[in-house]
Amino acid sequence: MHHGGTREVTKLPSDPSAVPAARRFVSQAVTHQGGHGPMLDKTQLLVTELTTNAVIHAHSPIRLSVMPEPDHVRVEVRDDHPCTLGAPKRPAPDAESGRGLWLVDALATTWGVNGNERGKTVWFEVDAAAH
């Protein structure tokens, strides 16, 4: 990736159209900064999971931020639902849902949740050299 890029931000509605819009937004931001391959694939998958969680559980507008850095990309998904998140648990093999945070925990270089009085931001980072 190039030197530290500019934070790119968009707002998304709390409906299923937010999911492909988030994937496109992240793809454009990461590609614009020179990201590609496994890093781009992981970033797309993880933003899909977090945006889906926000649509299903938060029922509020979503703010998506992408911050490319020379050695990684940071993505933040913010919603206005104050609910805290539990620790990711491995889903049962036949479970039809419940893999979002487990995938984030397994594939992101690092991740976390920042809560505030109005909601929360779930963020993750993926290294440029991700395999």
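This is a predicted model: local features need pLDDT of at least 70, side-chain atom pairs count only at pLDDT 80 or more; totals for chains, interfaces and linings use all residues.
Student: What makes up the fold of the protein chain?
Tutor: The protein chain has 3 helices and 5 strands. Along the sequence, the pattern is β-α-α-β-β-α-β-β.

Student: How confident is the predictor in the protein chain?
Tutor: The average pLDDT is 85. Of the residues, 82% score at least 70. Strand β1 (residues 8–12) has the highest confidence, at 96. Confidence is lowest in α3, at a mean of 87.

Student: Why is T51 called buried?
Tutor: Buried means under 20% relative accessible area. T51 has 0% relative accessibility, so T51 counts as buried. T51 lies in helix α2.

Student: Which residues is T51 in contact with, leaving aside neighbours within four places in sequence?
Tutor: They are A18, V19, A22, I62 and V77. A contact needs heavy atoms within 4.5 Å.

Student: Which residues touch the most other members of the largest nonpolar core?
Tutor: V47, L64 and F124 do, in a core of 28 residues. At least two residues of this core come from each of α1 (18–32), α2 (37–58), β2 (62–68), β3 (72–79), α3 (100–107) and β5 (120–127).

Student: What does V47 touch, not counting residues up to four places away in sequence?
Tutor: V47 touches A22, R23, V26, L64, V75, V77 and F124. Two of these, L64 and F124, are named with V47 as touching the most other core members.

Student: What makes E76 and R74 a salt bridge?
Tutor: The cut-off is a side-chain nitrogen of Lys or Arg within 4 Å of a carboxyl oxygen of Asp or Glu. The N to O distance for E76 and R74 is 3.0 Å. The pair therefore qualifies as a salt bridge.

Student: Are E76 and R74 buried or exposed?
Tutor: E76 has a relative accessible area of 13%, so E76 is buried. R74 is at 19%, so R74 counts as buried too. The limit is under 20%.

Student: Which residues form a network of salt bridges with R74 and E76?
Tutor: R7 and E125 are linked with R74 and E76 in that network. A search of the whole structure finds 6 salt bridges.

Student: How do you know that D80 and R78 form a salt bridge?
Tutor: Their closest N and O atoms are 2.6 Å apart. The cut-off is within 4 Å, so D80 and R78 meet the definition. In general, side chains of opposite charge can pair when their charged atoms come close.

Student: Why is D80 called partly exposed?
Tutor: Partly exposed lies between the 20% limit for buried and the 50% limit for exposed. D80 is at 24% relative accessibility, so D80 counts as partly exposed. R78 is at 18%, so R78 counts as buried.

Student: What distance separates N and O in the salt bridge of D79 and K120?
Tutor: The distance is 3.0 Å, N to O. This pair links distant parts of the chain. D79 is in strand β3 and K120 is in strand β5, 41 residues apart. Both D79 and K120 are buried.

Student: Why do β3 and β5 count as paired strands?
Tutor: Two strands pair if DSSP finds at least two bridges between them. There are 8 bridges between β3 and β5, so these strands pair. They run antiparallel.

Student: What else pairs with β5?
Tutor: Strand β4 (residues 110–115) does, in the antiparallel sense, over 6 bridges. T110 has E125 in β5 as its bridge partner. A hairpin of 4 residues joins β4 to β5.

Student: What makes β5 mostly covered?
Tutor: Of the 8 residues in β5, 7 are buried. Strand β2 is mostly covered as well, with 6 of its 7 residues buried.

Student: Which strands pair with β2?
Tutor: β1 pairs with β2 in the antiparallel sense over 5 bridges. β3 is joined to β2 by 6 bridges, also antiparallel. S65 in β2 is the bridge partner of V9. In β3, the bridge partner of S65 is E76. A hairpin of 3 residues joins β2 to β3.

Note on methods
Residues are numbered from 1 along each chain as its sequence is written. Side-chain values use heavy atoms; hydrogens and water are left out. A nonpolar core is a set of buried Ala, Val, Leu, Ile, Met, Phe, Trp, Tyr and Cys residues joined through side-chain atoms within 4.5 Å. Buried means under 20% relative accessible area, exposed over 50%, partly exposed in between (1.4 Å probe, protein chains only). pLDDT is the predictor's confidence in each residue, from 0 to 100.
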